[in-house]
Amino acid sequence: MRRLARELLSTMGAKLYQVDLPTEILSRGFWLYAWNIVGPQGEQFCYVGMTGDVTGVAQSPYVRAGVHLGFNENNNALRRHLVKRGVEPETCKGMKFLAYGPVLTYRHKHRHPDYETSRKRIGALERQLWTAAQAAHHTMLNERPRFAEEFDQSLWEDVRAAFSPHLKLSS
């Protein structure tokens, strides 16, 4: 019986995977992130997002990445967008998660007095990053963010410089 169990396990294709996790992405705050995804047929997809939602909490990018691929339909937007295109995330050839931040300061333990202002500022940068990724001919999974058109130019230059090598953004 034990031999049969071992043979079954060995035919299931179990492997050990390693994910090197920079501990900095565990920090809550106002971050920008992007997913670079290669679908099962080699399709190229991109998804741009931010941390800091309407609940008044700016999660860490690590937490946001996990729920994006989870099965809770209230917060797994990336999975839903892929499935809408007929792609199960588990069948993709590759996924790269890029996180930049924290772009703006955030204090979770106390009521963050400028939360809405910070959220709007990071949202405007999210919109600009999404627009730049689309202009670089990425197939965008999510819709263009609805935040204000105006963004902080000096912050944008830093954001663009960080994402540009990975998303091939133009100057």
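**Burial, surface and charge in a predicted model**

Biologist: What share of the 171 residues counts as buried?

Modeller: In this predicted model, 39% of the protein's 171 residues count as buried. The cut-off for that label is under 20% relative accessible area.

Biologist: Why is Leu26 called partly exposed?

Modeller: Its relative accessibility is 43%. Buried means under 20% and exposed means over 50%, so Leu26 falls in between and counts as partly exposed.

Biologist: Where does Leu26 lie?

Modeller: Leu26 is in the loop that runs between α1 (2-11) and β1 (30-38).

Biologist: What makes the nonpolar surface patch?

Modeller: Leu21, Leu26, Tyr62 and Val63 make a patch of about 340 Å².

Biologist: How much accessible surface does the protein have, and what part of it belongs to carbon and sulfur atoms?

Modeller: The total comes to about 10900 Å², with 53% belonging to carbon and sulfur atoms.

Biologist: Which elements does the protein contain, and in what order do they run?

Modeller: There are 5 helices and 4 strands, running α-β-β-α-α-β-α-β-α from the N terminus. Among contacts with a separation of 6 or more, 66% link residues 24 or more positions apart. The C-alpha trace spans about 65 × 40 × 25 Å along its principal axes.

Biologist: How many side chains are positive and how many negative?

Modeller: The protein has 23 positive and 17 negative side chains. The centres of the two sets lie 5 Å apart.

Conventions:
Residues are numbered from 1 along each chain as its sequence is written. This is a predicted model: local features need pLDDT of at least 70, side-chain atom pairs count only at pLDDT 80 or more; totals for chains, interfaces and linings use all residues. Side-chain values use heavy atoms; hydrogens and water are left out. Patches are made of residues with over 30% relative accessible area and no salt bridge: like charges are joined within 9 Å, nonpolar side chains (Val, Leu, Ile, Met, Phe, Trp, Tyr) within 5 Å. Accessible areas come from the Shrake-Rupley method with a 1.4 Å probe; for residues, only the protein chains shown count as cover. A salt bridge is a side-chain nitrogen of Lys or Arg within 4 Å of a carboxyl oxygen of Asp or Glu. Helices (H or I, at least four residues) and strands (E, at least two) are DSSP runs, numbered from the N terminus. Buried means under 20% relative accessible area, exposed over 50%, partly exposed in between (1.4 Å probe, protein chains only). Contact means heavy atoms within 4.5 Å. Lys and Arg count as positive and Asp and Glu as negative; His and the chain ends are not counted. The place of a charge is taken as NZ of Lys, CZ of Arg, CG of Asp or CD of Glu.
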